[in-house]
Amino acid sequence: TSFAVEMLDADFFKAVAAIVLQPLIWNVLARNEHKRQTMTKLCFGSAQVAVAVLAVIILAGGQYRNHLVAEASKQQIEALDTDVIAWIALVSRAVGLVLVFSSSYQLGWKNTFMGDYFGFLLPARVTAFPYNVCDNPMFVGAFLNYFGRALGRCEPAGMVLAFVTLAMYRVAAYFEEPYTAAIYEAQAKQQTTKDKKAQ
């Protein structure tokens, strides 16, 4: 099977659909929660349980997406099977994992899974590593991990899908960043109002 044929295969389009739908689903659920507290209400009034449920949905969706990507990436290019490529893939995955785990550490588990939409706000914007290296280290790290995995396995479809994932993460960030900024801006205004009343 040629690479071009593999990209026209149904499995490839299923993987693309999963990549597109995952950030769409988590953003719709999180925004609905922020505006209507639907998930909190369904979780008997517990925002902590609700954010844990969203975390499970995101993680399960990610695993299913990974499965579909693996199904779509069966063809290998033997020319890529070299020591240099293997090292590049290893470095890509290592840097990706460092970015993902360090950003999760800085945010805490709740805010890793959009806890600010559930009312779990951080006291200030995180600027420590890895947020002093790039704006969206979790997205960049996930891309590097996916790309490194596909490169290490010499899977061209997997590499293309890694870039599709990066593109979708850029779209997600485009919508998430201003919305999240507005949440924190509203919190700052509330705090200012409270401070003025307290004086």
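Where is C154 found? I looked there before anything else. C154 is in the loop between α6 and α7 (156–198). Helices here (H or I, at least four residues) and strands (E, at least two) are DSSP runs, numbered from the N terminus.

**Ground rules.** I am working on a predicted model, where local features need pLDDT of at least 70, side-chain atom pairs count only at pLDDT 80 or more, and totals for chains, interfaces and linings use all residues. Residues are numbered from 1 along each chain as its sequence is written, and side-chain values use heavy atoms, with hydrogens and water left out.

**C154, continued.** I checked the backbone. Phi of C154 is positive, about 60 degrees, although C154 is not a glycine. Is C154 buried or exposed? C154 counts as buried, because its relative accessibility is 5%. The cut-offs I use are for relative accessible area: buried means under 20%, exposed over 50%, partly exposed in between (1.4 Å probe, protein chains only).

**Whole chain.** I counted elements next. The protein chain has 7 helices and 0 strands. Its pattern along the sequence reads α-α-α-α-α-α-α. The C-alpha trace spans about 70 × 35 × 25 Å along its principal axes. Of the 199 residues, 40% are buried. I also looked at sequence separation in contacts (heavy atoms within 4.5 Å). Among contacts between residues at least 6 apart in sequence, 80% join residues at least 24 apart.

**α2 against α4.** Two packed helices are described by the angle between their axes and the distance between the axes. Axes are lines fitted to C-alpha atoms, for helices over the stretch in contact; angles run from 0 to 180 degrees between N-to-C directions. I took α2 (residues 10–36) and α4 (residues 47–72). They pack at an angle of about 170 degrees, and their axes lie 8 Å apart. The two helices are therefore roughly antiparallel to each other. The classes are: under 35 degrees roughly parallel, over 145 roughly antiparallel, 65 to 115 roughly perpendicular, the rest oblique. I noted the hand as well: the crossing of α2 and α4 is left-handed. That term applies if the near helix is turned anticlockwise from the far one by less than a right angle; clockwise is right-handed.

Which residues of α2 meet α4? From α2 I listed D11, F12, K14, A15, A18, I19, Q22, W26, L29 and A30. Their partners in α4 are L54, I57, I58, G61, G62, R65, L68, V69, E71 and A72. By class, this contact has 13 nonpolar, 3 polar and 4 charged residues. For the classes, Ala, Val, Leu, Ile, Met, Phe, Trp, Tyr, Cys and Pro count as nonpolar, Asp, Glu, Lys and Arg as charged, and the others, Gly among them, as polar.

**E71.** I stayed in helix α4, where E71 lies. E71 is partly exposed, with a relative accessible area of 31%. E71 and D11 are 60 residues apart in sequence, yet 6.4 Å apart in space, C-alpha to C-alpha. What joins the side chains of E71 and K74? I found a polar contact of 3.3 Å. A polar contact is a pair of N or O atoms within 3.5 Å; within protein, one must be able to donate a hydrogen and the other to accept it, and residues adjacent in sequence count only if both atoms are side-chain atoms.

**T40.** T40 sits in helix α3 (residues 38–42). T40 counts as buried, at 11% relative accessibility. Leaving aside neighbours within four places in sequence, I found T40 in contact with E33, G45, S46, A47, A50 and F118.

**α5 against α6.** The axes of these two come within 7 Å and cross at roughly 150 degrees. That makes α5 roughly antiparallel to α6. The crossing of α5 and α6 is left-handed. The residues of this contact divide into 15 nonpolar, 9 polar and 2 charged.

**The loop between α5 and α6.** M114 counts as buried, at 7% relative accessibility.

P123 also lies in the loop between α5 and α6. P123 counts as exposed, at 83% relative accessibility. How far apart in space are P123 and T82? They are 48 Å apart, C-alpha to C-alpha, and 41 residues apart in sequence.

P130 has its place in the loop between α5 (83–112) and α6 (137–152). A cis peptide bond joins F129 and P130, with omega about 10 degrees.
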